[in-house]
Amino acid sequence: MKTLNKILALALGMATLTGCSDFLDKSALGQLTTDEFFVTENDAVAAVVGATSIYKDYRYTRSIWSLADITTDDATTSGSDNDVAAARRMENLEFHADYARLSDRWNTCFRAINRALQAIDGIQKMDESIFSLYRKDYLLGEAYFTKAYFYFEAVRTWGDLPIYRSTPQISDKTKKRSPKSEVYALIEEDLLFATRNLPRKAQLDAKDLGRATSDVAWALLAKVYLYQEKYAEAKKAIEDNLLPLVPAEYDLMENFEDNFTMANEHCKESIFEINFRHKSDDWGLTTTGNYSAYAQGPRPFMGYGGNQPLQLLADAFEPGDTRKEGTLLTLDELKAWETPEDFASLEFDHTGYYNQKVYIKPEERIGTEDVFSMPNNLRIFRLSEVYLIYAEAVCKLGTDDALAREYMNKVRRRAGLKDNTTATGEALFDAIINENRYEFAMEGHRYFDLVRTGKAEEVFNSPEFKAVKPNAVYRPGYSELFPIPQSEIDNSQGNIVQNPM
């Protein structure tokens with residue numbers, strides 16, 4: 001009970017947080033100091049769980065597609081008229097600092113970072129002899145990975161960021177933004193620590209599936225290198241640490257859509273996914289269910305319908321690409337699978353498609369009124385992404401187009417497509433980026449991929465895009481980054497400077 005009381009005290013202190021600056025208020029730190037809280041192994045585990053719990057926070061998971069799908073040629077804001085009106089400016093690329101989903105993303109990213117820092121500072125002071133269930137360095141590795149993961153989410157959203165290397169103090173409230181190069185350096189440092197101290201996925205007990213591993217640390221590090229155009233480093237990270245695990249520990253699923261069923265959670269292709277579970281009458285910020293899936297489901301019988309694929313996406317798939325069926329849920333499928341009463345109640349359908357990757361067929365659902373709390377996991381990193389990162393890195397190095405094609409074609413073959421045997425140079429790079437679109441459509445990749453590859457202006461100025469979103473204007477020098485929530489600028493007393501708007 002003593003440990004539980006300490007956990008509750010720490011959690012209540014954290015629950016008051018609304019952002020990076022608020023975290024620095026003395027009252028938000030709770031009544032327990034780090035030395036008072038971190039006494040037993042259970043305390044250390046609880047602190048790490050407090051940080052990793054943010055993966056499940058629906059304000060974070062909802063921001064994934066709110067920022068990177070509906071702003072692109074893949075999807076549109078849907079749901080009620082009020083929902084559409086609230087997000088329309090973002091969809092038109094008129095980014096504004098008062099958009100609630102931006103605040104959600106900032107707050108959850110920095111809440112996770114701050115909790116991870118508290119865990120790191122506390123656990124580092126604990127004696128190794130206290131630990132029996134988990135190695136001390138394992139828990140530290142998990143905290144460092146969580147900090148790196150959310151710093152990466154933040155840096156690609158906002159660029160320059162405040163850097164915290166230890167639990168923030170009152171004096172940090174006015175900390176200014178550091179250059180994104182320094183943020184990336186910190187992320188690399190944290191991920192390298194995680195690679196040295198976390199187990200591989202194959203070494204996890206079944207009860208620990210969903211926790212960070214050295215495999216996902218290497219995968220994320222390769223992605224971080226790719227974002228910085230460190231192609232040699234990305235290639236080496238994958239070549240030395242992930243490709244040797246294939247096929248003994250990882251391999252592509254034979255059928256693309258099997259990646260997203262509840263029966264295949266933590267499958268041989270999955271490197272990292274966020275666990276969810278069903279709980280009756282579960283609602284609110286602490287839901288254990290996958291709200292992100294619910295928010296995208298057909299309205300009203302399975303969600304809010306908030307993120308609908310566009311016909312532009314449907315038309316982009318090559319003929320015969322099995323990923324099209326695994327990505328796009330059609331009205332004919334809904335009519336066949338749902339009850340006549342539920343299908344007849346469908347409302348606010350704007351495109352005729354929904355996200356197949358998060359849809360759960362009626363026979364797989366648990367309960368009848370608890371769709372909000374469905375336990376389908378959110379897939380974050382798959383082997384197919386590792387293959388495409390590797391292909392892109394090799395392509396950009398310009399030394400072995402055949403090798404780049406080989407790994408791109410592994411993904412194409414699984415989708416039922418013929419090998420691309422001729423593309424080289426820039427044409428090969430374009431082909432790889434297209435494969436990224438088809439493979440990860442509706443998973444929160446598209447906007448960031450277009451920006452980092454320099455293709456955003458071309459896509460958003462195309463006649464096809466303008467025909468669907470005529471009011472959207474991509475502005476080089478402005479649209480690459482999202483605005484920082486105005487509340488954070490105010491809380492920092494102006495020390496955090498806004499991105500160009």
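Residues are numbered from 1 along each chain as its sequence is written, and side-chain values use heavy atoms, with hydrogens and water left out. In this predicted model, local features need pLDDT of at least 70 and side-chain atom pairs count only at pLDDT 80 or more, while totals for chains, interfaces and linings use all residues. Helices (H or I, at least four residues) and strands (E, at least two) are DSSP runs, numbered from the N terminus.

A cavity is a set of points where a 1.4 Å probe fits but cannot get out. Lining residues have an atom within 4 Å of a point. Grid points are joined across faces, edges and corners, and a volume is the space filled by probe spheres set on the points. The model holds 4 cavities of 30 Å³ or more. The largest cavity has a volume of about 450 Å³. Its lining comprises 36 residues, and Ile 64, Arg 379, Ile 380, Glu 443 and His 445 lie nearest its centre. Two or more lining residues come from each of helix H5 (58-68), H8, H10, helix H12 (291-296) and E6. By residue class, the lining of the largest cavity splits into 18 nonpolar, 9 polar and 9 charged. Here Ala, Val, Leu, Ile, Met, Phe, Trp, Tyr, Cys and Pro count as nonpolar, Asp, Glu, Lys and Arg as charged, and the others, Gly among them, as polar.

The second largest cavity has a volume of about 70 Å³. Among its lining residues are Lys 223, Tyr 227, Glu 385, Glu 392, His 445 and Arg 452. H10, H17 and H20 each give two or more residues to this lining. H17 gives the most, with 4 residues. The lining of the second largest cavity contains 4 nonpolar, 2 polar and 5 charged residues.

Open space was treated separately. A pocket is an open set of points with protein on both sides within 12 Å along at least five of seven lines. The second largest pocket has a volume of about 360 Å³. It is lined by 16 residues, the closest to its centre being Asp 73, Asn 434, Arg 437, Arg 446 and Val 459. Helix H13 (311-316), helix H19 (425-440), helix H20 (446-452), helix H21 (456-460) and helix H22 (463-468) each give two or more residues to the lining. H19 gives the most, with 5 residues. The pocket lining divides into 7 nonpolar, 2 polar and 7 charged residues.

Charged pairs were then counted. A salt bridge is a side-chain nitrogen of Lys or Arg within 4 Å of a carboxyl oxygen of Asp or Glu. The count comes to 38 salt bridges. Glu 142 pairs with Arg 211, with the closest N and O atoms 2.5 Å apart. Glu 142 lies in helix H8 (residues 136-158) and Arg 211 in the loop between helix H9 (180-197) and H10, so the pair ties together parts that are 69 residues apart in sequence. Both Glu 142 and Arg 211 are buried. Buried means under 20% relative accessible area (1.4 Å probe, protein chains only).

Arg 382 takes part in two of the bridges described here. With Glu 269, the closest N and O atoms are 3.5 Å apart. Glu 269 sits in the loop between H11 and strand E2 (270-274), Arg 382 in strand E6 (residues 378-382), 113 residues apart. With Glu 439, the N to O distance is 3.2 Å. Glu 439 belongs to helix H19 and lies 57 residues from Arg 382. Glu 439 is buried at a relative accessible area of 0%. Arg 382 is buried at 2%. Glu 269 is buried too.

Helix H11 (residues 231-241) has Tyr 231, Ala 234, Lys 235, Ala 237 and Ile 238 as its buried residues. Seen down the axis of H11, they fall within an arc of 160 degrees (taken from the directions from the helix axis to the C-beta atoms), so they line one face of the helix. They pack against helix H10 (214-227), helix H17 (383-397) and helix H18 (401-414).

Thr 327 is found in helix H14 (residues 322-327). Thr 327 is buried, at 0% relative accessibility. Contact means heavy atoms within 4.5 Å. Leaving aside neighbours within four places in sequence, the contacts of Thr 327 include Phe 256, Leu 313, Tyr 354, Lys 357, Tyr 438 and Met 442.

Notes
1 Å grid on protein atoms, 1.4 Å probe; cavity = no way out; pocket = protein on both sides within 12 Å on 5 of 7 lines; lining within 4 Å. Buried < 20%, exposed > 50% of the residue type's maximum accessible area, 1.4 Å probe, protein only.
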